[in-house]
Amino acid sequence: MDGYAFARWRDLCLLLALIALVSASCTFPRDPRGTLEGVQNATMRVGIVDNDPWTRMEDGRASGIEVELLKDFARELGADMTFVPGTTPELLEAAKEAEVDVIVGGFTSTSPGVSEGKEAGVTGTYLTTRFVVGVPPDRSAIDDPSGRKIAVERIDTTAAMLKEEGAVPVPVGDLSTADMPIAAYEWQLKEWGFEPTSIELPEEQHVMAVPLGENGWLVELERFLRSQRAEAKALLREETS
Amino acid sequence: MGQARSPELPPDLQRTLRRARRLEWLTVVYMASAVVLLALVLGSSQAMKTAWIEDLLGLIPPVAFLVAIRFNSRAPTARFPYGFHRIISVAHLCSALALFVMGIYLLVESIIKLVTAEYPTINSVELFGQTIWLGWLMLPALAYSALPSVFLGRAKIPLAEDLHNKVLYADAKMNKANWLTAGAAMVGVVGIGFGLWWADAAAAAIISLDISKDGLSNLRRAVVDLMDQTPTTIDEDNADPLRDRLAAMLRDLDWVEDVELRLREEGQVYFGEALVVPSDETNITEKIEAALKQARDLE
């Protein structure tokens, strides 16, 4: 045991010295595969899964809230951008092979495949959103969604959450003219003259994905996204109004 | 030797035992709090799940000790005519197994990590408006979780030796395993910060070898003790010198011609029989009584 005691103090001193050394250096944590250095003053390869309004690919041109955010990030890093369209599994595979630097697609902290953090690293939440059920003007308010038809834009996460609450999601072409309760952001309800009800869907925490283990890159992206929270919110309102 | 009796420890050893019991209660409370805390704070992360399972396994030795000590010195009953001493050996087996399982679990886990080239990803958090890498925060948390184990483990070793309690000894090894793994995790986190994805798993693999070795040697000793091996010292396989001294003492008695001594361990105490060839058979019962008393006062 005494031998161990000696080894312990020696190890502790070594560790402290190591930490001091590390603190002195500026780029920490570092990437095992050097993504951050690879992107700076070069190219950021963005894997993109179509998910309006967060991400869109139209005629080879990318747009959407998350694309706008990354454009600012690329500008900050002095990097160009290339987009790699694909499905989530395809892009997760590409991230593993270090073929993309970041994946966007309106992912949330519950998106299957991404949120587990097993196939890709997941950023912290950069934006939290929540859908509210609203009723058309002159309709009586409802406070229990179960069994009711509620209009959605398409069958997606929102529809799934409605179903979980017991409602029947109905995809309609244009929410703003729907003749039944709709699930939408609060500002959309206001704009379209719908009366918000007390029925709120669970919060959605929006995230992006990066290749596993690229901690320096991940921390840099998280730092940027944290500074852009207000910007992200403004972009969402702009896109959905 | 002789029949098991209730206050069988001399007063100073009873004090030692009380200290040991206090230490073990402290360990249980501390480990349980670590288990709850880890479950609350870091339940989802895979690396922390390993730490959680380790802490859970770390609960086994102190609990085994406290249970064993409770029953250990009860008077023999009709159902248990030999008393309850051997429960300590059973507790030792449990503790040794826990230690061994922990070592092997850690070893397998880290080898899988190395083989599948799993790149550990550590996020950042926002603290006072600053983005801080979570690895920085893990270091003090790990250090904090390791420190009590260092002191608990070191405090238990001398007590275990005085009491000849192998459960306590195995538990001290478990404490050592705990702070070693925390230390390895710290090295791993710093390594990850340097972009060495394998640092965490490699450090854990090296430490797990040491833990498995401790676990295996304790496991082996627990088994041979249950097989009535002659008493040994608690940390090694050397025969306890007490045996030879006892044999010598008996042989030195003027009425004894030759002696054969068989001893075995039942937890903290030794049981056994001495077969003597008397040279002078007058008053043999009194002489045996006197020899028994002398034997008990030995040391």
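Residues are numbered from 1 along each chain as its sequence is written, while chains are lettered from A and ligands numbered from 1 in the order in which they are written. Since this is a predicted model, local features need pLDDT of at least 70 and side-chain atom pairs count only at pLDDT 80 or more, whereas totals for chains, interfaces and linings use all residues.

**View 1. Chain A as a whole, with eight helices and 14 strands.** Helices (H or I, at least four residues) and strands (E, at least two) are DSSP runs, numbered from the N terminus. The radius of gyration of chain A comes to 23 Å, well over the 18 Å that the globule rule gives for 241 residues, so chain A is more spread out than a compact globule. (That radius is taken over C-alpha atoms, and the globule rule is 2.2 Å times the number of residues to the power 0.38.) Along the principal axes, the C-alpha atoms of chain A fill a box of roughly 80 × 50 × 30 Å. Of the 241 residues, 35% count as buried; buried needs 20 or more other C-beta atoms within 10 Å of a residue's own, exposed 12 or fewer, and partly exposed lies in between, with C-beta atoms placed from the backbone.

**View 2. Strands 9 and 10 of chain A, running parallel.** Strand 9 (residues 149-152) and strand 10 (residues 168-171) of chain A share four bridges; strands pair if DSSP finds at least two bridges between them. One pair to look for is I150(A) with its bridge partner P169(A) in strand 10.

**View 3. V168(A), a residue of strand 10 of chain A.** With 14 other C-beta atoms within 10 Å, V168(A) is partly exposed. Leaving out residues up to four places away in sequence, V168(A) touches R148(A), K149(A) and I150(A); contact here means C-beta atoms, placed from the backbone, within 7 Å.

**View 4. Strand 8 of chain A with antiparallel partners, strand 11 and strand 12.** Three bridges tie strand 8 (residues 132-135) to strand 11 (residues 182-184), where A183(A) sits opposite V133(A). Strand 12 (residues 195-200) also pairs with strand 8 over three bridges, and there V132(A) has E200(A) as its bridge partner.

**View 5. Where chain B meets chain A.** Here 20 residues of chain B are in contact with 22 residues of chain A. On chain B's side, strand 1 (124-127), strand 2 (130-133), helix 5 (134-163) and helix 6 (166-193) each supply at least two residues. Helix 6 of chain B gives the most, with five.

View 6. After helix 7 comes D228(B), with a positive phi near 65°. Helix 9 is hardly covered: the count of buried residues among its 14 is zero.

Definitions and conventions:
Contact = placed C-beta atoms within 7 Å.
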